[in-house]
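I opened this entry to record what I looked up in the model. My notes follow in the order in which I made them.

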Amino acid sequence: MKQQFKIHIEDHLPFLKGSKLLIACSGGLDSIVLAHICHLLDFEIGIAHCNFNLRGSESDGDEQFVSQFSDAIKAPFFVTHFNTETYANSNKLSIQMAARELRYDWFNMLVQEYNYDYLLTAHHLDDNLETFLINLSRGTGIDGLTGIPEINDHYVRPLLPFSREQILEFATKNNLTWREDSSNKSTKYVRNKLRHNVIPELLTVNTKFLNNFENTLDNLKQTQNFVRDQVEIVRKEVFEYAELDTIKISIYKLQQYKDPKTYLYFLLKKYGFTAWDDIAQILTAQSGKQVFSPTHRLVKNRLHVLLCPIIEDVSDRVYTIPEEENMIMIPSGMIQLKEVSELSDMDLKTIYVDKEKLKYPLIVRKWKEGDYFYPLGMRGKKKLSKYFKDEKLSLLAKERVWLLCSNNEIIWIINYRADNRFKINPKTKQLLKVTIT
């Protein structure tokens with residue numbers, strides 16, 4: 001197995017050679033074999049052990065054993081203690097999820113503090129099969145069927161091609177000792193039920209089941225890569241990156257594909273959405289329909305589905321600009337006010353007003369129902385809601401509109417239209433340039 005491991009590293013994980021490696025070591029068979037082989041191959045390694053204080057003296061015995069093992073191979077040893085049950089209760093997590101959070105947070109801290117390049121864990125082929133079956137039983141897409149990733153950021157799992165049987169054989173031939181975790185025998189956990197009750201039955205059906213499973217994983221990963229490539233082609237076709245971190249997804253272009261809802265799933269899954277039934281219906285929903293994830297939201301517009309990050313609600317926030325101030329920062333940018341002698345650049349981000357018509361302090365606020373203004377270049381007043389409808393502003397765009405006001409009269413719908421009441425004329429003596437950047 002040592003030679004097979006060496007070849008696997010050279011062929012698939014060559015970056016590990018010459019790197020500084022931290023190995024997560026429980027003291028069990030798998031992690032001891034991983035650390036021992038890395039030591040035999042002269043890798044630069046450190047050993048990290050977590051004492052979760054869940055099994056009393058047995059947990060303390062694991063810690064002592066791993067410490068002695070580290071001394072024997074002359075590897076730096078790191079250990080930490082967790083009050084796992086308290087953490088699980090206070091965060092409403094299962095013991096398994098609490099232990100996972102605690103150890104990975106600590107591993108990340110060690111990697112950064114001691115400048116390790118990678119952290120190695122001892123997951124192997126049997127673990128991959130268990131994960132596959134767990135995900136299959138819960139219902140999953142192709143990502144859930146491709147198993148544990150061999151490389152995930154700075155986490156690497158070099159034992160994934162090797163079975164538990166191969167690992168045990170290597171440990172026995174090399175007279176290695178390890179600790180047995182008594183909780184691994186309990187079948188109250190789903191993973192242990194599969195390990196002790198289900199997988200042995202599968203192996204009796206076909207003695208080459210693990211090898212065939214590994215081939216299936218390879219096929220699924222190839223399919224996964226193909227799907228990702230195809231999704232990126234579609235993404236470039238249907239995504240349009242607009243202002244304010246908004247992505248416009250063309251409904252027409254998406255519907256030219258045979259299964260637009262499936263593409264929509266793959267296009268959106270990295271944004272944290274889970275309400276897939278609602279998302280599947282959004283292409284044909286009425287304008288204004290919304291679907292939320294913890295970080296993003298989708299809004300159905302006329303010709304597009306708009307994707308944008310969820311931002312802080314600032315609907316009640318008001319900014320004041322005293323006469324002596326010449327700039328202020330608001331969520332959509334920086335407003336600058338400057339007296340000038342003549343007109344220069346003119347665009348949607350710049351207006352010119354007659355300063356003598358202003359009443360200070362000026363106010364910057366969100367628009368609200370009932371607001372109206374006198375559009376520059378037009379006669380009479382117009383409700384903002386009617387103006388937005390005429391301009392075909394989406395729900396997202398309307399939510400992000402700010403108003404510059406004088407004595408509650410609108411000077412400027414920022415980035416859109418100035419008000420006729422404050423325009424300059426031949427009698428203007430003080431010309432004020434207002435810009436937003």
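The model is a predicted one, in which local features need pLDDT of at least 70 and side-chain atom pairs count only at pLDDT 80 or more, whereas totals for chains, interfaces and linings use all residues. Residues are numbered from 1 along each chain as its sequence is written, and side-chain values use heavy atoms, with hydrogens and water left out. Strands are DSSP runs of E of at least two residues and helices are runs of H or I of at least four, both numbered from the N terminus.

Is I413 buried or exposed? I noted that I413 is buried, because its relative accessible area is 0%; buried means under 20%, exposed over 50%, and partly exposed in between, with a 1.4 Å probe and protein chains only. I then listed the contacts of I413 (heavy atoms within 4.5 Å). Leaving aside neighbours within four places in sequence, I413 touches F373, L384, Y387, F388, V401, W402 and L403. I also recorded that L348 lies 65 residues from I413 in sequence and 9.8 Å from it in space, C-alpha to C-alpha.

**Helix α6 against α10**

I turned next to helix α6 (residues 125–138) and helix α10 (residues 209–238), which pack at about 65° with their axes 11 Å apart. Axes are lines fitted to C-alpha atoms, for helices over the stretch in contact, and angles run from 0 to 180 degrees between N-to-C directions. From α6, the contact draws on L125, D126, N128, L129 and F132, and from α10 on F209, L210, F213, E214, L217 and L220. I classed the residues of this contact as eight nonpolar, one polar and two charged.

In α10 I also checked R235. R235 counts as buried because its relative accessibility is 9%. Beyond neighbours within four places in sequence, R235 is in contact with Y241, F266, L267, K270 and Y271.

**Helix α6 against α9**

Finally, I examined α6 with helix α9 (residues 190–205): their axes come within 10 Å and cross at roughly 105°. The two helices are therefore roughly perpendicular to each other. I found D127, L129, E130, T131, L133 and I134 of α6 meeting V190, R191, L194, R195, I199 and L202 of α9.

Key. Ala, Val, Leu, Ile, Met, Phe, Trp, Tyr, Cys and Pro count as nonpolar, Asp, Glu, Lys and Arg as charged, and the others, Gly among them, as polar. Angles under 35 degrees count as roughly parallel, over 145 as roughly antiparallel, 65 to 115 as roughly perpendicular and the rest as oblique.
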